[in-house]
Amino acid sequence: MKIEILSGSPRTSSLTHRVAVSLQQMLQQRTEHEIGLIDLKQHILPPMEAVFASPDETPAKYRPLADRIFGASAFILVTPEYNGSYSPALKNLLDHFPKQQHKVFGIVTASPGALGGMRAALQLQQLVFALFGIGSPHMLIIPFVDKKFDKNGALCDASFQKSIDLFLEEFLWLAEKIADEKVPA
C-alpha cells in the first residue's frame, strides 16, 4: 500500500512540516507500506483553473505529482490552522486532484495555540467527504506544536507519543481494511 503524507504548508519554516517528517519516520519504522511525503513547498500549483482527472490529463510539469496522488492508496493531511481553516495551498492541491474515491484520509492539524487547529480539522472532514474519500474518525490535533517537535521533526514531548500512536494505529487499521477490500478475489 502507498501512503502519501501531504505537508500542507508552503512556508519555509513550517511547524507542521516537522510533524509530517516525524509521522513519515514513525510509519516507516512501524510498517512495510511505502510512505511518501509531498511537501507543498516543492509543489507549487497555480490557482485552480483545471482539474487533473488522471496523470495523462495532467500537464507534463505536474505529472510526477499526479502519478503520486493517483498512485496513493491513502493520505495523511497535515496542515496548520490559517484564520480558522486549513491551508489554502493544501486546498488548491486537492482541488486539482479532486476525486479520490475510496481512499482513506487521516487528518492532522497543528497550531502553536491551545486548540491545535481543531477548526481546521473539522473543515477538513467536510473536504474529505467532498473528495469521495473516507475519513479516519480519529484525528490528530496538536496544540502547542512548537513545543512538541524540534526543527528536525523529532518529538520533544514524550507524553504526546500516546496520541500519535493511537492516531497511526486507527488510520492504518482503516487504510489496510479498505485496501484489502479493493484487492480482487
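Q: Is M118 buried or exposed, or in between?
A: M118 is partly exposed, at 33% relative accessible area; that class lies between buried, under 20%, and exposed, over 50% (1.4 Å probe, protein chains only). This is a predicted model, where local features need pLDDT of at least 70, side-chain atom pairs count only at pLDDT 80 or more, and totals for chains, interfaces and linings use all residues. Residues are numbered from 1 along each chain as its sequence is written, and side-chain values use heavy atoms, leaving out hydrogens and water.

Q: Which helix is M118 in?
A: Helix α4, residues 118–130; helices here are DSSP runs of H or I, at least four residues, and strands are runs of E, at least two, numbered from the N terminus.

Q: OK, switching to S22. Where is that, and is S22 buried or exposed?
A: S22 sits in helix α1 and is buried, with a relative accessible area of 4%.

Q: What does S22 touch, beyond residues up to four places away in sequence?
A: F149 and G153, where contact means heavy atoms within 4.5 Å.

Q: Which residues have the most contacts inside the largest nonpolar core?
A: I5, L23, I76, V108, I142 and F171, in a core of 29 residues. Such a core is a set of buried Ala, Val, Leu, Ile, Met, Phe, Trp, Tyr and Cys residues joined through side-chain atoms within 4.5 Å.

Q: What gives the most to this core?
A: α6, with 8 residues.
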